[in-house]
Amino acid sequence: MDTTTLKVLVERAEKSKIGQVDFNNLSFGNVFTDHMLVCDYRNGVWETPKVMPYQPISLEPSAKIFHYGQSIFEGMKAYKDADGATWLFRPLENQKRLNISAHRMAIPELPEEYFMEGLKALLRTDEQWIPTSEGSSLYIRPFMLASGTGFHASPANEFKFIIACAPSGSYFSGKVKVLIEEKYSRSANGGVGYAKAGGNYAGQFYPTQLANEKGYQQVIWTDDNNHEYIEEAGAMNIFIRINDTLITGPTSDRILDGITRKSILEIAKDEGIPVEVRKITVSEVVEASKNGTLKEMFGAGTAAVVSPISSFGYRDADYDLPELENSYASRLKKRITDIQYNKAEDKFGWRYKV
Ligand code: PLP
Ligand code: COI
């Protein structure tokens, strides 16, 4: 039963752009649906959320987002099943994490019903944009930004919460090569690494560009202290398989607490895979690669889903991963996507019908 009292306003676009989109050749996050959700925070309250035609937003040059980067975001997906029903995956985890990020970045938290009712109203309005082709989904980007003005370096007093959506295919094309970084850092103890703050990503662009020039798609970040431990990648958490054991680092205030990561951990345990959540050193991974016990590395995230890593670079050497039949990555990817697309039983209760 729907008990909410919040009414989301809906203003429909006069014309749809959907005819211009090739749903069989979708890249990631490059075309946007007909509508967006906008909710303003003014005078200490979140105002009524509104679904409106996707369009540019107007901000003053003195809006604090431009000067102090007070902004956060989330990443989610909507999936269509074979009967045309729409599903989300653990959406309340995104809602909670948005507020964890908001708290850290001195942005007012958004009540759960604004997030959920706004999201559902938007998805119902743009329902025909949810792709049905294999491996595609509607990528959903909820975000908040400081729209309030002033050059004083202090939190804004006005904010916008917006959700925009993009029908999308895979995040990576081809094999994923990663570079283990030991000069630059993504985050530090006491910093904002655990928040999905826009600046965390801007700070990665330059070191990632350097890695891209050498042929790597992503950087694997190590701890800022001694660059000794594997932390996470630019857009995903990292799993490492040594012999039969699947290992991932513990979350901390430097690492994003990925929803895919924690789901994969539960599925792996359910599959009977030995799992360890513990710190893992770069030297342990290099050594395991040299002695043949390193079997797999993969990334896990909403955009990345489960992305096998084909090789990693470290200190001017490249280390190839073996290509395995029936890898953990392929088993775990199938289990999680079968739940997401409503192809299999969801014993964990993660699927959410829109
Ligand atoms: N780590 C970073 C830095 C990310 O940007 C993401 C993507 O959201 C993840 C990990 C994976 O998180 P999730 O599985 O919640 O998408
Ligand atoms: C996601 O996986 O949803 C993310 O936010 C990662 C992003 C950098 C594309």
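**Close-up views of a predicted model**

**View 1. Strand S14 and its two partners.** In S15, Glu276 is the bridge partner of Ile247. The chain crosses from S14 through H5 to S15, and this β-α-β crossover is right-handed. The model shown here and in the views below is predicted. S14 and strand S15 (residues 275-277) pair in the parallel sense, over three bridges. S14 (residues 245-248) also pairs with strand S13 (residues 237-242). That pairing is antiparallel, again with three bridges. Ile242 stands opposite Thr245 in S14.

View 2. Asn243 is found in the loop between S13 and S14. Its phi is near 50°, a positive value in a residue other than glycine. Is Asn243 buried or exposed? Asn243 counts as exposed, because it has 10 C-beta neighbours inside 10 Å, and the cut-off for exposed is 12 or fewer.

**View 3. Val305 in strand S17.** Val305 also has a positive phi, of about 55°, although it is not a glycine. Val305 lies in strand S17, which covers residues 305-314. Val305 is buried, because 23 other C-beta atoms lie within 10 Å; the cut-off for buried is 20 or more.

**View 4. The shell around ligand 1.** Which helix gives the most to this shell? Helix H5 (residues 259-270) does, with three residues. The residues around ligand 1 include Ile259, Thr260 and Arg261. Others among them are Gly75, Glu232, Ala235, Met236 and Asn237. Leu256, Gly258, Gly301 and Thr302 are also around the ligand. By class, the shell has four nonpolar, six polar and two charged residues.

View 5. The UniProt record, an unreviewed entry, annotates Lys196 as "modified residue: N6-(pyridoxal phosphate)lysine". Where does Lys196 lie? Lys196 is in the loop between strand S10 (176-180) and helix H4 (198-213). Lys196 is buried, because 24 other C-beta atoms lie within 10 Å. Neighbours within four places in sequence are left aside in the contacts that follow.

How values were computed. Residues are numbered from 1 along each chain as its sequence is written. Chains are lettered from A and ligands numbered from 1 in the order in which they are written. This is a predicted model: local features need pLDDT of at least 70, side-chain atom pairs count only at pLDDT 80 or more; totals for chains, interfaces and linings use all residues. UniProt positions are given in the numbering used here, feature names are shortened, and annotations may be inferred rather than shown by experiment. Helices (H or I, at least four residues) and strands (E, at least two) are DSSP runs, numbered from the N terminus. Two residues are in contact if their C-beta atoms, placed from the backbone, lie within 7 Å. A residue is near a molecule or strand if its C-beta atom, placed from the backbone, lies within 6 Å of it. Ala, Val, Leu, Ile, Met, Phe, Trp, Tyr, Cys and Pro count as nonpolar, Asp, Glu, Lys and Arg as charged, and the others, Gly among them, as polar. Two strands pair if DSSP finds at least two bridges between them. A crossover is right-handed if, with the strands pointing away from the viewer, the path from the first strand over the helix to the second runs clockwise.
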